[in-house]
Amino acid sequence: MTLLGAGEDVDVVKMPFDHALERLRGESADCVVLPVSDGGEAAFALLEAVAADDVLRELPIVVYTADPLEGGERARLDQLTAAVNATTVSTPERLVDETALHLHRMEARLPAATRKLLSQLRTADSVFHGKRILIVDDDIRNVFALTSALEMRGMKVVYAENGREGVTKLRETSDVDLVLLDVMMPEMDGYETARAIRGMSRFDALPIISLTAKAMKGDRDKCIAAGASDYITKPVDVDQLLSLMRVWLHR
């Protein structure tokens, strides 16, 4: 785990997870970088302790998940980060961006390698600007979270609360660039919706990314067979989703 303090530049203090809580209570820090993949259960325990502390829960924490988490771990992490002042990232570029934001560092004063990472991040995000994304999902909480993340990167979002409405929105909106399609919906599920979209010739090449809460064996193949271009499990890791979207929007 790493503590960052914004002084003349930045003082970086690295420490094992089992000493972190005591150190945080004894010394001030401006930002914490918490690599969950490295810490395992100790990282979750630290987040739980921070959430229970009235002072520490306001401390900016950047949670770094270099490796994808299993569904249960991801849900637990999302619950814990919602209780503290934390942001979850899964790429080095996002890690640099978030820590720089919390420390209010002038970009010109960052090391050359760090400035290069930020430049690469912005270049990668340029593919999103002005793109119109259709979200088809009956879970308004998921729609709100995705819409916020996408609009922050310059995308325009159209929303449909079920498959039938999603197909109608597509017919009425000619400039949709990509569809995020929930699989588990009542009345007309994501498989039926994907097949209906592919049944309209003008949407043959439209990228469709399926979202499902269940990571069952064969789900990806079933989604692809129905007409989806790609697949990601819920709760959605935004960085992973953006990586998929970059691939399909570049085509």
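What follows is a walk through one serine, several salt bridges, a helix and a strand pair in a predicted model.

Residues are numbered from 1 along each chain as its sequence is written, and side-chain values rest on heavy atoms, with hydrogens and water left out. Since this is a predicted model, local features need pLDDT of at least 70 and side-chain atom pairs count only at pLDDT 80 or more, while totals for chains, interfaces and linings use all residues.

With a relative accessible area of 14%, Ser229 is buried, where buried means under 20% relative accessible area, exposed over 50%, and partly exposed in between (1.4 Å probe, protein chains only). Setting aside neighbours within four places in sequence, Ser229 is in contact with Arg198, Leu206, Pro207, Ile208, Ile224 and Trp248, contact being heavy atoms within 4.5 Å. The side chains of Ser229 and Arg198 also make a polar contact at 3.3 Å. That term covers a pair of N or O atoms within 3.5 Å; within protein, one must be able to donate a hydrogen and the other to accept it, and residues adjacent in sequence count only if both atoms are side-chain atoms.

Now for the charged pairs. Side chains of opposite charge can pair when their charged atoms come close. Searching the whole structure turns up 10 salt bridges, each defined as a side-chain nitrogen of Lys or Arg within 4 Å of a carboxyl oxygen of Asp or Glu. One of them pairs Glu48 with Arg76, with the closest N and O atoms 3.1 Å apart. This pair links distant parts of the chain, as Glu48 is in helix α3 (residues 41-51) and Arg76 in helix α4 (residues 71-82), 28 residues apart. Glu48 is partly exposed at 36% relative accessibility, and Arg76 is partly exposed at 26%.

Another salt bridge runs between Asp175 and Arg132, again with the closest N and O atoms 3.1 Å apart. Asp175 lies in the loop between α8 (163-172) and β8 (178-182) and Arg132 in strand β6 (residues 132-136), so the bridge ties together parts that are 43 residues apart in sequence. Asp175 counts as partly exposed at 39% relative accessibility, as does Arg132 at 21%.

Glu165 and Lys169 form a salt bridge too, with 3.3 Å between the closest N and O atoms. These two are 4 residues apart in helix α8, so about one helical turn separates them. Both are partly exposed, Glu165 at 26% and Lys169 at 22%. Elsewhere, salt bridges that share partners join Glu41, Glu48 and Arg76 into one network.

Helix α1 (residues 17-26) has Phe17, Ala20 and Leu24 as its buried residues. Seen down the axis of α1, these fall within an arc of 20° and so line one face of the helix; the arc is that of the directions from the helix axis to the C-beta atoms. Asp18, Glu22, Arg25 and Gly26 are exposed on the other side of α1.

Back at β6, 5 bridges join this strand to β7 (residues 156-160), and the two run parallel; strands pair if DSSP finds at least two bridges between them. Ile135 has Tyr159 in β7 as its bridge partner. From β6 the chain crosses through helix α7 (residues 140-152) to β7, making a right-handed β-α-β crossover. Right-handed here means that, with the strands pointing away from the viewer, the path from the first strand over the helix to the second runs clockwise.
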